[in-house]
Amino acid sequence: MDFQNIPITSLIPQRPPFVMVDRVLSCTDGYAVTELVVSEDNIFLDDMKLSPAGMMENMAQSCAARMGCVNCLHNESIKMGFIGDIRDCVILRQPRCHETLQTHVEIIEEVFNLTLASVTTKVGDETIATARMKIALTDMEAVEE
């Protein structure tokens with residue numbers, strides 16, 4: 001399935017101005033890649049750089065986008081999820097305005113409604129941040145506008 005042309009708000013529960021993913025580049029059950037161009041109107045922009053909080057939100061929303069894609073692949077509704085834990089977060093540098101982030105989500109383990117993911121954010125070939133995120137998936141459907 002080609003997710004690049006699906007509006008991101010069809011895959012995640014967040015709404016502008018809090019959307020930190022522009023599109024999904026690729027997705028399987030165990031792996032996804034998202035893209036975000038850091039824009040001048042980003043609410044997490046600080047001194048023309050994406051703040052660490054914005055970087056972590058991009059990582060979390062990339063995990064949510066992967067789950068939204070998986071739900072679509074299995075003809076299921078989009079469910080709400082919550083960050084349960086962030087570990088080993090390393091931010092090597094903050095991306096500048098107009099840089100394009102590619103965030104890679106690799107699923108390490110899924111048990112019942114808990115997912116453990118390894119997340120890596122890159123600008124080009126340069127890794128700028130890594131983390132492990134634990135996400136708890138609920139039975140609540142994400143509200144569509």
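# A tour of the fold, stop by stop

**Stop 1: a loop residue.** Select H98. H98 lies in the loop between β5 and β6. This is a predicted model, so read every value here as computed from predicted coordinates. Is H98 buried or exposed? H98 is exposed, because its relative accessible area is 53%, and exposed means over 50%. Now look at its backbone. The phi of H98 is near 80 degrees, a positive value in a residue other than glycine. Most residues other than glycine have a negative phi.

**Stop 2: another positive phi.** Go to F112, in the loop between β6 and β7. Its phi is near 50 degrees, again positive in a residue other than glycine. F112 counts as exposed, at 87% relative accessibility.

**Stop 3: the sheet.** Switch to a cartoon view. Which strands form the open sheet, and in what order? Six strands take part, in the order β1-β2-β6-β7-β8-β5. Their pairing is antiparallel. Color β1 and β5 (79-91), which stand at the edges. Each has a single partner strand, so one side of each is left without a neighbour in the sheet. Look along the sheet next. Neighbouring strands are turned by 25 degrees against each other on average, direction ignored.

Stop 4: Start at β1. β1 and β2 form a hairpin with three residues between them. Four bridges join these antiparallel strands. Select R23 and its bridge partner in β2, E35.

Move on to β2. How many residues of β2 are buried? Five of its seven residues are buried, so β2 is largely enclosed by the rest of the structure. β2 also pairs with β6, antiparallel, over seven bridges.

Stop 5: Jump to β5 and β8. These two strands pair in the antiparallel sense over nine bridges. Select G81, and find L137 opposite in β8. Now show the helix. α1 packs on the sheet and touches β1, β2 (31-37), β5, β6, β7 and β8. The direction of α1 makes about 50 degrees with that of β8.

**Stop 6: the largest nonpolar core.** Nonpolar side chains tend to be buried together in soluble globular proteins. Here, the largest nonpolar core has 20 residues. Which members touch the most other members? Select L50, C63, L101, V119 and M133. α1 (52-73), β6 (100-111), β7 (114-123) and β8 (126-141) each supply at least two residues of this core. The largest share, five residues, comes from β8.

Stay on V119 and show its surroundings. What does V119 touch beyond four places away in sequence? The contacts are M59, C63, T103, H104, V105, A129, T130, A131 and M133.

A second, separate core has 13 residues. Select some of its members, including F3, I12, C27 and A65.

**Stop 7: the segment before β1.** Select R15, which is found in the segment before β1 (23-27). R15 is buried, because its relative accessible area is 17%, and buried means under 20%. Where does its side chain reach? It reaches the backbone oxygen of I12 at 3.1 Å.

Next, select P16 and P17. The peptide bond from P16 to P17 is cis, with omega near 10 degrees. P17 is found in the segment before β1. Most peptide bonds are trans.

Select M20, also placed in the segment before β1. M20 counts as buried, at 1% relative accessibility. M20 touches L36, N42, I43, F44, E57, N58 and Q61, not counting residues up to four places away in sequence. Draw a line from M20 to Q61. The two are 41 residues apart in sequence and 6.6 Å apart in space, C-alpha to C-alpha.

**Stop 8: an aromatic pair.** A search of the whole structure finds one aromatic pair. Select F18 and F44. Their ring centres are 5.7 Å apart and their planes are at 50 degrees, so the pair is tilted. The pair links distant parts of the chain. F18 lies in the segment before β1, and F44 in the loop between β2 and β3 (45-46), 26 residues apart. F44 counts as buried, at 17%.

Terms used. Residues are numbered from 1 along each chain as its sequence is written. This is a predicted model: local features need pLDDT of at least 70, side-chain atom pairs count only at pLDDT 80 or more; totals for chains, interfaces and linings use all residues. Side-chain values use heavy atoms; hydrogens and water are left out. A nonpolar core is a set of buried Ala, Val, Leu, Ile, Met, Phe, Trp, Tyr and Cys residues joined through side-chain atoms within 4.5 Å. Buried means under 20% relative accessible area, exposed over 50%, partly exposed in between (1.4 Å probe, protein chains only). Contact means heavy atoms within 4.5 Å. A polar contact is a pair of N or O atoms within 3.5 Å; within protein, one must be able to donate a hydrogen and the other to accept it, and residues adjacent in sequence count only if both atoms are side-chain atoms. Two strands pair if DSSP finds at least two bridges between them. Axes are lines fitted to C-alpha atoms, for helices over the stretch in contact, and angles run from 0 to 180 degrees between N-to-C directions. Rings of Phe, Tyr and Trp (its six-membered ring) pair if their centres lie within 6.5 Å; planes under 30 degrees apart count as stacked, over 60 as edge-to-face and the rest as tilted.
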